[in-house]
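Open the model in your viewer and keep the selection panel at hand. Each stop below gives a selection and what to look for.

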Amino acid sequence: MLFRQLFDKTSCTYTYIIASAKGREALIIDPVLENVERYILLLKELDLKLVKVIDTHIHADHISGIAELRDRTNCVTIMGDKTPTDVVSMQVSDQELIKIDGLEFRSLFTPGHTSESFSFLMSDRVFTGDTLLIRGTGRTDFQNGNPRDSYNSIFNKLLKLPDETLIYPAHDYKGDTVSTILEERKFNPRLQVKSVSEYIQIMNNLNLPDPKLMDVAVPRNLKLGIDFDKQKVNCGIDPSKFNNFLFEQDVILIDLREQSEIDKIGRIKNSIKVSFPKISDYLNKNKDELRNKKILFYCAIGQRSTLAVQISKSYQYNKCLHLIGGLKNWEQVGYKLVK
Ligand SMILES: [Fe+2]
């Protein structure tokens with residue numbers, strides 16, 4: 001496995017690049033905007049194809065690099081389903097699997113530091129965001145943080161993982177890079193409490209100053225998505241027009257989501273699945289079949305379908321359209337899905 005832990009000096013953030021091997025798909029967790037160039041160079045040097053990027057939560061101390069990475073690499077952007085961002089490509093629920101070539105990440109809903117924080121478990125290691133830090137825990141005094149939720153997420157979820165599970169947090173201010181569940185249970189001073197009320201007492205009396213960049217970072221990090229206007233410019237059409245096209249001849253309807261998302265809510269009738277990371281390959285390999293067809297793309301919220309139209313154009317497919325706002329919009333208007 002390829003595993004890189006990168007450090008941002010300004011915000012003391014750790015960013016992780018993970019892939020199963022050279023030449024394969026890669027995933028990044030908690031990228032920092034200012035370092036995007038560095039990630040892209042490293043991906044190139046290690047011969048990796050970035051396909052997915054995760055933010056564990058809305059960061060208050062740095063601007064996320066996920067939107068810039070999406071625009072530069074066409075990767076899928078992912079956050080937990082409680083995220084208040086305008087939209088990311090894919091929102092995962094508790095216990096959902098995120099897959100890349102040869103690796104799986106299980107999402108764990110771990111609120112407390114913020115109300116939408118998730119952790120991600122990958123075989124022997126867990127990426128805890130700011131929920132559980134090395135010898136510390138993420139503050140709970142802003143962004144709908146809640147010390148009781150933090151206690152539950154840590155004691156009833158993270159500390160239930162096997163003792164030897166490695167902990168990789170989103171920050172460290174002392175230079176520590178990794179810990180384990182056993183180590184934190186034994187030596188993390190905030191976890192040496194006898195009750196939830198004792199933990200709440202500690203967390204409510206930290207008296208920390210607000211992060212320097214908070215007023216800039218939080219609003220920026222809430223605006224990571226491709227907005228509806230931009231989706232429209234890229235051959236986007238609204239649900240009723242999209243629905244009309246479904247009855248035309250020579251149409252191919254492509255669902256860009258992953259199997260786990262389809263299993264959750266269903267799909268539009270007569271669609272075929274080509275998950276977004278595979279779309280370039282698919283368009284390239286099926287030129288003869290697709291040449292004279294009208295291609296209709298859709299996904300969860302219209303992010304991946306916007307990018308799919310852009311990619312199609314680069315392969316000289318000019319009869320492509322996509323569903324603005326994805327299935328979220330489709331369902332809101334009252335159209336049905338099939339299982
Ligand atoms: Fe945070």
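This is a predicted model: local features need pLDDT of at least 70, side-chain atom pairs count only at pLDDT 80 or more; totals for chains, interfaces and linings use all residues.

**Stop 1**

His57 sits in the one between β4 (49-54) and α2 (66-73). Asp130 sits in the one between β10 (125-129) and β11 (132-133). The pair therefore ties together parts that are 73 residues apart in sequence.

**Stop 2: the largest pocket**

The largest pocket holds about 820 Å³ of space. Its lining has 35 residues. Select Ser11, Asp61, His171, Tyr173 and Pro211 to find those closest to the pocket centre.

**Stop 3: Pro169**

Select Pro169 in strand β13 (residues 166-169). At 1% relative accessibility, Pro169 is buried because the cut-off is under 20%.

What does Pro169 touch, beyond residues up to four places away in sequence? Show Tyr14, Tyr16, Thr128, Gly129, Leu132, Leu133, Ile134 and Thr177. Next, draw a C-alpha to C-alpha distance from Pro169 to Gly138. The two are 9.9 Å apart in space and 31 residues apart in sequence.

**Stop 4: Ser312**

Move to helix α12 (residues 303-314) and pick Ser312. Its relative accessible area is 0%, so Ser312 is buried. Leaving aside neighbours within four places in sequence, Ser312 contacts Leu283, Phe297, Tyr317 and Cys320.

**Stop 5: helix α13**

Select helix α13 (residues 326-333) and highlight its buried residues: Gly326, Leu327, Asn329 and Trp330. Look down the axis. These residues cover an arc of only 160 degrees, which puts them on the same side of α13.

Which elements do the buried residues of α13 pack against? Show the helices α7 (228-233), α8 (239-245) and α9 (259-265), then β18 (294-298) and β19 (320-323).

Finish just after α13, at Gly334. This glycine takes a positive phi of about 110 degrees.

Notes
Residues are numbered from 1 along each chain as its sequence is written. Side-chain values use heavy atoms; hydrogens and water are left out. On a 1 Å grid over the protein atoms alone, a cavity is a set of points where a 1.4 Å probe fits but cannot get out, and a pocket is an open set with protein on both sides within 12 Å along at least five of seven lines; lining residues have an atom within 4 Å of a point. Grid points are joined across faces, edges and corners, and a volume is the space filled by probe spheres set on the points. Helices (H or I, at least four residues) and strands (E, at least two) are DSSP runs, numbered from the N terminus. Buried means under 20% relative accessible area, exposed over 50%, partly exposed in between (1.4 Å probe, protein chains only). Contact means heavy atoms within 4.5 Å. The arc is that of the directions from the helix axis to the C-beta atoms.
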